[in-house]
Amino acid sequence: TYRPTSTLTPTQTLIPAPIEVDFTNVLNYPEKTRVIIVGLLELPDFISCDILKGCGIILSNPQKNSEKISAYIHMTLTGNTPAPNQMDRLPNKYKPEDFKVRLDDGTYVGNLETVRVTGHICLEWGTAKGICISKIELVR
């Protein structure tokens with residue numbers, strides 16, 4: 001009779017902890033690096049959405065508003081309440097007041113709120129980089 005000599009043990013893949021970054025160094029990290037950054041959520045004049053990355057918004061430096069990076073957040077489906085870390089749908093002709101983002105704790109914030117974002121570096125078009133958001137928390 002056949003008897004196995006060893007039993008395979010499943011291994012756990014470790015996910016590295018996110019790196020705390022700022023606006024001077026965030027885009028120096030390679031694609032897929034997990035990062036945490038504090039910034040202002042900013043609704044652009046024109047929004048473009050992608051099924052994989054989400055909708056392109058702006059994250060700006062609270063200390064120096066001219067420093068901005070692209071960020072991507074998923075939008076809820078029509079007629080649904082946003083899940084945590086998603087934005088609500090926007091009307092076709094939107095105003096900054098229409099921008100509503102549901103935080104990780106279930107509460108909502110709007111345009112120009114200071115938040116702590118966790119996500120990973122993702123490519124926009126070509127080699128340009130942004131942050132694909134996975135978690136959003138209010139900075140008090």
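The largest pocket holds about 160 Å³ of space. A word on how that is computed: on a 1 Å grid over the protein atoms alone, a pocket is an open set of points where a 1.4 Å probe fits, with protein on both sides within 12 Å along at least five of seven lines, and a lining residue has an atom within 4 Å of a point. Grid points are joined across faces, edges and corners, and the volume is the space filled by probe spheres set on the points.

Before the details, the ground rules. This is a predicted model, in which local features need pLDDT of at least 70 and side-chain atom pairs count only at pLDDT 80 or more, while totals for chains, interfaces and linings use all residues. Residues are numbered from 1 along each chain as its sequence is written, and side-chain values use heavy atoms, with hydrogens and water left out.

Back to the pocket. Its lining is made up of Cys49, Asp50, Ile51, Gly54, Cys55, His74, Met75, Thr76, Leu77 and Arg89. By type, that is five nonpolar, three polar and two charged residues. Here Ala, Val, Leu, Ile, Met, Phe, Trp, Tyr, Cys and Pro count as nonpolar, Asp, Glu, Lys and Arg as charged, and the others, Gly among them, as polar. Strand 3 (49-50), strand 4 and strand 5 each give at least two residues to this lining. Strands, for this talk, are DSSP runs of E of at least two residues, numbered from the N terminus.

Now the pairing around strand 5. Two strands pair if DSSP finds at least two bridges between them. Strand 4 and strand 5 run antiparallel and are joined by six bridges. Cysteine 55, for instance, has isoleucine 73 of strand 5 as its bridge partner. Strand 5 also runs parallel to strand 10 (residues 129-138), with two bridges between them, and there alanine 71 stands opposite isoleucine 131. With strand 6, strand 5 again pairs in the parallel sense, over two bridges. In that case methionine 75 faces methionine 87 of strand 6 as its opposite residue. Methionine 75 is also one of the pocket lining residues.

Next, charges. How many salt bridges does a search of the whole structure find? The count is four, where a salt bridge is a side-chain nitrogen of Lys or Arg within 4 Å of a carboxyl oxygen of Asp or Glu. One of them pairs lysine 68 with glutamate 42, with 3.1 Å between the closest N and O atoms. Lysine 68 is in strand 5 (residues 68-75) and glutamate 42 in strand 2 (residues 34-42), so this pair ties together parts that are 26 residues apart in sequence. For accessibility, buried means under 20% relative accessible area, exposed over 50%, and partly exposed in between, using a 1.4 Å probe and protein chains only. Lysine 68 is partly exposed at 38%, while glutamate 42 is buried at 14%.

Another salt bridge links glutamate 67 and lysine 64, at 3.6 Å from N to O. Glutamate 67 is partly exposed at 21%, and lysine 64 is partly exposed at 45%. A further one joins lysine 95 and aspartate 98, at 4.0 Å from N to O. Lysine 95 has 45% relative accessibility and counts as partly exposed; aspartate 98 has 21% and counts as partly exposed.

Two loop residues deserve a look at the backbone. Lysine 32 has a phi near 80°, a positive value in a residue other than glycine. Lysine 32 sits in the loop between strand 1 (19-20) and strand 2, and is exposed at 64%. Asparagine 85 is not a glycine either, and its phi is positive at about 70°. Asparagine 85 is in the loop between strand 5 and strand 6 (86-87). Is asparagine 85 buried or exposed? Asparagine 85 is buried, at 11%.

Last, threonine 118, in strand 9 (residues 114-123). Threonine 118 is buried, with 8% relative accessible area. Leaving out residues up to four places away in sequence, threonine 118 touches Pro18, Arg34, Val35, Ile36, Cys132, Ile133, Ser134 and Lys135, where contact means heavy atoms within 4.5 Å. That is my last item.

Methods:
Helix = DSSP H or I, 4+ residues; strand = E, 2+ residues; numbered from the N terminus.
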